[in-house]
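Hi,

Here is the model I promised to pass on. Have a look, and then read my notes below.

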Amino acid sequence: MRKKLAEAYRRLSLVSRIRFSYIIPFVPVLLLSIYTYYNFWVSNQTYGDMIGSVVKASTFNMDFKHDFDYETYLLIVGQRDIKESPLYMMLDDAEKVVEELETVTNNSENSERLKDIKNYLKNLDSYLTHITENLSIEGTYDQNMQIWENDVQVGTALLQESVYRYIFYEVRELEQEWANQQKIFKRVISISIIAYILVVILMLIISYYFNILLRQVRNEQVQLRKAELMVLQSQINPHFLYNTLDAITWLAEAGEQETVVKMVGSLSGFFRTSLNQGKDIVTLAEELQHIRSYLEIQKIRYQDILEYDIDVSDEFGDVKIPKITLQPLVENAIYHGIKNKRGGGKISVTAKSDSGDLRIYVRDDGVGMDEERLHAVLDGIFEKKPEEKDIYGLYNVNERIRLYFGEEYGITLSSEKGIGTESVVRLPVNGGV
């Protein structure tokens, strides 16, 4: 059974395990509550029955002796006919009261007293029968008076004394039951306090380990996303490298030695920044140098159609930015904007501070996009799995920024057909990673 339960627990999802862990501390509280309510219910039932028995016995005892003795006397002296006398009814009512008391009496000694009371009632019934029989015989007045004085009054006195004793011991039982209830109540209060303290401690422990587990899961997810994004990022460099080496080969064959030297120097600077000792975060100054090397290489390749201008204040040089953030934006501006425009175009990179954030603008005056295409690109950027390969670079940039700095940061695009495209990178000026 334990193995089956353990196996079932292992099959639960992480969320289900966490929910199950939160339920466990409340099990003892539930059991304690059931135990408490059950004990109080039993105790109250017993207490109520005992109070009821005392009330019934008190009512029975208050007037019975006086009324029975008086009605018997009236019967003997001839002032009451046996048919009109309530004596037999009084004995029947008393018998019923005793029977009710027997159903609610738990004390063995009081149960014996109830048996004595029933015997006294039977004796009174026999005395009454004897008196009734004597009434039909002349000369039995003195005998009936003797029965009344020696038997009836003694019997009612003994019955009254037994009822008094029954009430006394029932009241004493009530006091003991009340004391027991107080003990149970105090015990329950003490156990409840301990149980609730344990529950709070368990909840704190579970919350602590839950937070650790949650951080662990979050870190694993972050690392997984980083790995996925680095795979996407790695797709950028090989394509560019192949084209650049082809261009260098072509220039070398054409005898353009100075251009080759310049291009190789820019390529070296480009990859030096790209590698950056494995760092994922660089300064904006390093990132600008990276795209400057990239643009210099592309300008050599597309010298007739490409111009560029980088105008960013040195005061933003220490702002942190994910490595290879701007290069994909510049690459898109070249291949999807300027390259398709007749007569070439220009790329400009600027930046300005806005309410504690830094906004970097990459603008081109290329062919631009119509509204439908712009929406398709924006949807691809913010989808978890963009379908178009051309959007991978932008998606990568946006995801890395959000990963490092938060969901409110990232890139936005605006474009107009025939006018050009503007990409805006939003970063925290003092963002920590």
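First, a bit of bookkeeping: the expected span of a helix is 1.5 Å times one less than its number of residues, and helices (H or I, at least four residues) and strands (E, at least two) are DSSP runs, numbered from the N terminus. This is a predicted model, so local features need pLDDT of at least 70 and side-chain atom pairs count only at pLDDT 80 or more, while totals for chains, interfaces and linings use all residues. Residues are numbered from 1 along each chain as its sequence is written, and side-chain values use heavy atoms, with hydrogens and water left out.

Overall, the chain has twelve helices and seven strands. Of its 433 residues, 40% are buried (under 20% relative accessible area, with exposed over 50% and partly exposed in between; 1.4 Å probe, protein chains only).

Now helix 9 (residues 284-301): its 18 residues should span 26 Å at 1.5 Å a residue, and the end C-alpha atoms are 26 Å apart, so the two agree. Its buried residues include L284, L288, I291 and Y294.

Cheers
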